[in-house]
Amino acid sequence: MKKSILLLTLFGCLTFSIAQDFTGIATYKTDRKVDLKLDGDGMNDDMQAQIAAQLRKQFQKEYTLTFNKEESVFEEVESLDAPAPQAGGFQITVSGGNDVVYRNVKKNEYRNQTEILGKPFLIIDSLQKPEWELHSETKNIGNYTCFKATHSLEVTEKTMSSESDSLVEVTKLKTTTAWYTLDIPLPHGPEEFWGLPGMILEISDGDLTILCSKIVLNPEAEINIEVPSKGKEVTQAEFDEIQEKKNAEMLERFQSDGRKKGEGSSFRIKIGG
């Protein structure tokens, strides 16, 4: 019996060691639900539905996760975008989404090449591993058996009050659900999601869904992971402070312009959980 256990242990270690040498490219597709509320003259239900559908279509994008046993980089697949659609005089355009997210689990390093209003930033910080709760529930995604994991966190969001027409802070519990596969025992995943015993193939995070549609393991062509290097270098805390300040400035400018024009219309677009 001891000999059998020893052989099984050695086989498991060998399999894990081979798996650790995996390289590959995983393709993901994203989708978001859009909670849209527009008030104003001529803004009927049909028009709101059209605008919500156009917004949702712009959030449906394709990304690749290129990885080896230590590193991964997540970035959008370039495409030729069609002209932004219009509905009832509104042109629907969603900016952003061109972030390049890089992780090095060996060096415990995180990089995010992003921008604010066209100004490039490079966030460089240490990795913060989420406190995942592992569950026994399973399901298949393609040919991979996946296990469920969840992560809950209290988040504080600023939202527009319908009564006072000003920003108010709302604290709520946000739960993220991940599905990961032990067939690829690497801790990588899309966007900011990582840190499980296997690669994450699906994420449900509030209104955001990320689903892996294709994986190419150990391709013949050499995998090249380019470390992001463009933009002003900041920490995550510094970037969050800059972003919050810019958001407040934009909101104040929008409210000020609305008051000057005397417009009675208002809108609310909820994106995220």
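A nonpolar core is taken here as a set of buried Ala, Val, Leu, Ile, Met, Phe, Trp, Tyr and Cys residues joined through side-chain atoms within 4.5 Å. The legends below describe a predicted model.

**View 1. Overview of the chain, with its three helices and 16 strands.** Of the 273 residues, 34% count as buried. Carbon and sulfur atoms account for 50% of an accessible surface of about 17,300 Å². Among contacts between residues at least 6 apart in sequence, 63% join residues at least 24 apart.

**View 2. The largest nonpolar core, made up of 36 residues.** Tyr28, Ile184, Ile200 and Leu201 have the most contacts inside this core. At least two core residues come from each of the strands β1 (24-32), β3 (62-67), β8 (109-116), β9 (119-126), β11 (144-160), β12 (167-181), β13 (199-205) and β14 (208-217). Apart from this core lies another, of five residues, including Val73, Val100, Tyr102 and Ile225.

**View 3. Surroundings of isoleucine 184, one of the residues with the most contacts inside the largest core.** With residues up to four places away in sequence left out, Ile184 touches Phe22, Phe67, Tyr144, Gly198, Met199, Ile215 and Leu217.

**View 4. The aromatic cluster of Tyr28, Tyr63 and Phe74.** The chain holds four aromatic pairs. One of them joins Tyr28 and Phe74 edge-to-face, with 6.0 Å centre to centre and 70° between the planes. Tyr28 belongs to strand β1 and Phe74 to strand β4 (residues 71-76), so this pair ties together parts that are 46 residues apart in sequence. Tyr28 counts as buried because its relative accessibility is 0%, and the cut-off for buried is under 20%. Phe74, with a relative accessible area of 2%, is buried too.

**View 5. The aromatic pair of phenylalanine 147 and tyrosine 180.** These two rings are tilted, with 35° between the planes and 6.0 Å centre to centre. Phe147 lies in strand β11 and Tyr180 in strand β12, 33 residues apart, and the pair links distant parts of the chain.

How values were computed: Residues are numbered from 1 along each chain as its sequence is written. This is a predicted model: local features need pLDDT of at least 70, side-chain atom pairs count only at pLDDT 80 or more; totals for chains, interfaces and linings use all residues. Side-chain values use heavy atoms; hydrogens and water are left out. Buried means under 20% relative accessible area, exposed over 50%, partly exposed in between (1.4 Å probe, protein chains only). Helices (H or I, at least four residues) and strands (E, at least two) are DSSP runs, numbered from the N terminus. Contact means heavy atoms within 4.5 Å. Accessible areas come from the Shrake-Rupley method with a 1.4 Å probe; for residues, only the protein chains shown count as cover. Rings of Phe, Tyr and Trp (its six-membered ring) pair if their centres lie within 6.5 Å; planes under 30 degrees apart count as stacked, over 60 as edge-to-face and the rest as tilted.
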